[in-house]
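Dear colleague,

I am passing on the structure below, together with some notes on what was found in it. Please read the notes with the structure open beside them.

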Amino acid sequence: MASVSMTVNGKAVSGEVEGRTLLVEFLREGLELTGTHVGCDTSQCGACVVHVNGESVKACSVLAVAVDGADIRTIEGMAAPDGTLSVLQQAFQDHHGLQCGFCTPGMVMSAADLLQKNADPSEQEVREWLEGNICRCTGYHNIVKAILAAAATLRGEKIAAE
Ligand code: FES
Ligand code: FES
């Protein structure tokens with residue numbers, strides 16, 4: 001066993017993990033942050049995406065010991081403390097960017113990383129960015145629409161929800 005300490009959604013946390021414990025296991029089982037989902041465990045579906053030091057990372061592809069000392073953000077850290085959704089989360093809701101919701105945490109975390117790197121992505125750029133995130137329900141159309149709408153809102157433009 002090894003001790004790990006990290007900051008998760010702004011709080012200092014620590015725990016004992018095995019060398020083989022994945023970051024997603026530490027988050028879900030160690031910290032009970034079950035908003036980060038596991039859809040494949042083979043780094044394909046993107047349901048487990050979190051931010052590690054500000055970059056989107058598939059949490060099933062990283063060992064907990066490898067991110068000792070890191071700053072982690074999960075979907076639980078996206079809304080304001082009073083529960084107000086982030087612009088991106090609100091856009092997913094407004095534009096029907098989810099159905100079952102299983103992929104949504106990973107989609108939101110991936111999209112948030114895109115928007116911090118590119119404030120005005122094209123539809124094509126959004127679609128390419130989401131290559132590592134699988135959604136079995138929506139056909140992606142409304143997810144892309146939600147991300148483009150969130151980008152516009154964050155740029156100060158107004159887009160009407162349909
Ligand atoms: S659970 Fe990590 S990519 Fe699918
Ligand atoms: S909303 Fe069901 S998998 Fe995407």
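Predicted model: local features only at pLDDT ≥ 70, side-chain atom pairs only at ≥ 80, totals over all residues.

Residues are numbered from 1 along each chain as its sequence is written, and chains are lettered from A and ligands numbered from 1 in the order in which they are written.

The core

Ala59 is also one of the residues with the most contacts inside the largest nonpolar core, which has 46 residues; the others named with it are Leu23, Leu88, Val108, Ala111, Ile147 and Ala150. A nonpolar core here is a set of buried Ala, Val, Leu, Ile, Met, Phe, Trp, Tyr and Cys residues joined through C-beta atoms within 7 Å, and a residue is buried if 20 or more other C-beta atoms lie within 10 Å of its own, exposed if 12 or fewer, and partly exposed in between, with C-beta atoms placed from the backbone. Two or more residues of this core come from each of β1 (2-8), α1 (23-30), β3 (49-52), α2 (87-94), α3 (104-117), α4 (123-129) and α5 (141-154), where helices (H or I, at least four residues) and strands (E, at least two) are DSSP runs numbered from the N terminus. The largest share, eight residues, is given by α5. At least three residues of the core are drawn from each of domain 1 (2-74) and domain 2 (87-154), the bounds of which come from an automatic or database domain assignment.

Helix α5

With 14 residues, α5 reaches 20 Å from its first C-alpha to its last, close to the 20 Å expected at 1.5 Å a residue; the expected span is 1.5 Å times one less than the number of residues in the helix. Because 10 of its 14 residues are buried, α5 is largely enclosed by the rest of the structure. Those buried residues are Asn142, Ile143, Val144, Lys145, Ala146, Ile147, Leu148, Ala149, Ala150 and Ala151, and they pack against α2, α3 and α4. After α5 comes glycine 156, which has a positive phi near 90°.

The two domains

The C-alpha centres of domain 1 and domain 2 lie 22 Å apart, and the contact between them takes 14 residues from domain 1 and 10 residues from domain 2. On the side of domain 1 that touches domain 2, β3 and β4 (55-58) each supply at least two residues, and the largest share, three residues, comes from β3. That side of domain 1 is made up of five nonpolar residues, eight polar and one charged, counting Ala, Val, Leu, Ile, Met, Phe, Trp, Tyr, Cys and Pro as nonpolar, Asp, Glu, Lys and Arg as charged, and the others, Gly among them, as polar.

β3 and β4 pair in the antiparallel sense over four bridges, two strands being paired if DSSP finds at least two bridges between them. Valine 49 stands opposite lysine 58 in β4. The two strands, β3 and β4, form a hairpin with two residues between them, and asparagine 53 in the turn has a positive phi of about 50°.

Individual residues

Most residues other than glycine have a negative phi, and two further residues may therefore be worth a look with that in view. Serine 43, in the loop between α1 and β3, has a positive phi near 65°, and it is partly exposed, with 13 other C-beta atoms within 10 Å. Tyrosine 140, in the loop between α4 and α5, has a positive phi of about 75° and counts as partly exposed, with 17 C-beta neighbours inside 10 Å.

Tryptophan 129 lies in helix α4 and counts as buried, with 20 C-beta neighbours inside 10 Å. Leaving aside neighbours within four places in sequence, tryptophan 129 is in contact with Ser110 and Leu114.

With best wishes

Terms used:
Contact = placed C-beta atoms within 7 Å.
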